[in-house]
Amino acid sequence: MSTRTLPLLFLNLGGEMLYILDQRLRAQSIPGEKARKDEWTDVDRKRVMNDIISAMFKKNFMEELFKPQDLYSKKALRTVYDRLAHTSIMRLNQASMDKLYDLMTMAFKYQVLLCPRPRDILLVTFNHLDAIKDFISDSPGILNQVDETFRQLIETYNCLSDGEFQLIRQTLLIFFQDMHIRVSIFLKDKVQNSNGRFVLPISGPVPWGTEVPGLIRIFNHKGVEVKRAEFTTAGNYVTPQREGSFELYGDRVLKLGTNMYSVTRPVETHVSGSSKNLASQAKENIVPNPLAKEELNFLARLLGGLDIQKPAGGETGFRLNLFTTDEEEEHAAQTRPEELSYKVINIEATQEPGRRAELSRILGELEVAEPRPGSAEKGEDLLALMDGL
């Protein structure tokens, strides 16, 4: 497993999260002069995007993220995004947060699968950051934060070998391997089957630096080519005209990682598989994790830099619904298997007498979001860690 995977995973999933939030906020925005106090306006949308991006690219947060480290569990990472999404005045209940995370993970999984070569994962990341910079183009301070992360990515990853990028790609695929959630955009474009598995194309551009398949060269023991043979292929392959730019500014060429929600269309998700499969997957996720202490330390360091935005004065937090109607959101919350809720992480703390005090200290550093009337409480995930000790 690569210790350089976490920054790429976090930034790409974060980019997908911002794409989705921007699309939903635009869809629900009402002109400022017509909006009631509890309705979204374009000013609110920009404020939410600025707040989240500013927190996401905070210097001390990025410093912790870029330290070489193994990936942690899906629950630990999900907690980070839950906290990140609530660093603004926006509030999501459990069902909408579940849907948001499902869309994020499946979109990036598809991008990783389609990368022509492992190194192109970096170009996918750059596409996300380029789009994020467009979101905050009128906020120079936040723009500088994103540019600084850009430079850190270039410094850290441009010097890695192809073998190291292959290890990063394998680490990402292992992280995503059991996630098969159906997304309507992918289903309509016929790039995803009804069982949630992706359909990979057998045509298109070949990786940069390679040749179109169809020719076999035979060499003798001296390395001299002595014979050629041609064969036909089932796909229609083309040679890319140029390599994407790995610099701060430039043409990435690769389109993976760009905003697929820029064209308005529904983004419904459907959990695939039988309830039995879902339950077995959830059971696997709640097996005591030997890295639990390290995960909590990781969360304490990362989340310590993400402050929940508390509405000022009499201002109330704005609720964002990722479903078409409130009824659909309520139905999703009621029908989602209980085993898949991110509530409790079981920890075996009886082996070390000092573990209880250690966990209490770590959990004390994690600020919990203020619950908003009518929405699911946030922060209960980490507080529940103490229940089984």
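Colleague: Is D102 buried or exposed?
Modeller: In this predicted model, D102 sits in helix α5, residues 94–114. The relative accessible area of D102 is 7%. Buried means under 20%, so D102 counts as buried.

Colleague: How far apart in space are D102 and H180, C-alpha to C-alpha?
Modeller: D102 belongs to α5. Along the sequence, 78 residues separate D102 from H180. In space, the C-alpha to C-alpha distance of D102 and H180 is 9.5 Å.

Colleague: Is α1 parallel or oblique to α6?
Modeller: Two packed helices are described by the angle between their axes and the distance between the axes. Helix α1 covers residues 6–28 and helix α6 residues 120–135; their axes are 9 Å apart, at an angle of about 40°. Angles under 35 degrees count as roughly parallel, and 65 to 115 as roughly perpendicular. The angle of about 40° therefore makes α1 oblique to α6.

Colleague: How many nonpolar residues does the contact of α1 with α6 have?
Modeller: On the α1 side, the residues include L8, L11, L18 and Y19, and among those they meet in α6 are I121, L122, V124 and F135. By class, the contact of α1 with α6 also has 5 polar and 2 charged residues. The nonpolar residues in the contact of α1 with α6 number 10.

Colleague: What percentage of the residues of the protein chain count as buried?
Modeller: The protein chain has 14 helices and 8 strands. Of the 389 residues of the protein chain, the buried share is 49%.

How values were computed. Residues are numbered from 1 along each chain as its sequence is written. This is a predicted model: local features need pLDDT of at least 70, side-chain atom pairs count only at pLDDT 80 or more; totals for chains, interfaces and linings use all residues. Side-chain values use heavy atoms; hydrogens and water are left out. Axes are lines fitted to C-alpha atoms, for helices over the stretch in contact, and angles run from 0 to 180 degrees between N-to-C directions. Helices (H or I, at least four residues) and strands (E, at least two) are DSSP runs, numbered from the N terminus. Angles under 35 degrees count as roughly parallel, over 145 as roughly antiparallel, 65 to 115 as roughly perpendicular and the rest as oblique. Contact means heavy atoms within 4.5 Å. Ala, Val, Leu, Ile, Met, Phe, Trp, Tyr, Cys and Pro count as nonpolar, Asp, Glu, Lys and Arg as charged, and the others, Gly among them, as polar. Buried means under 20% relative accessible area, exposed over 50%, partly exposed in between (1.4 Å probe, protein chains only).
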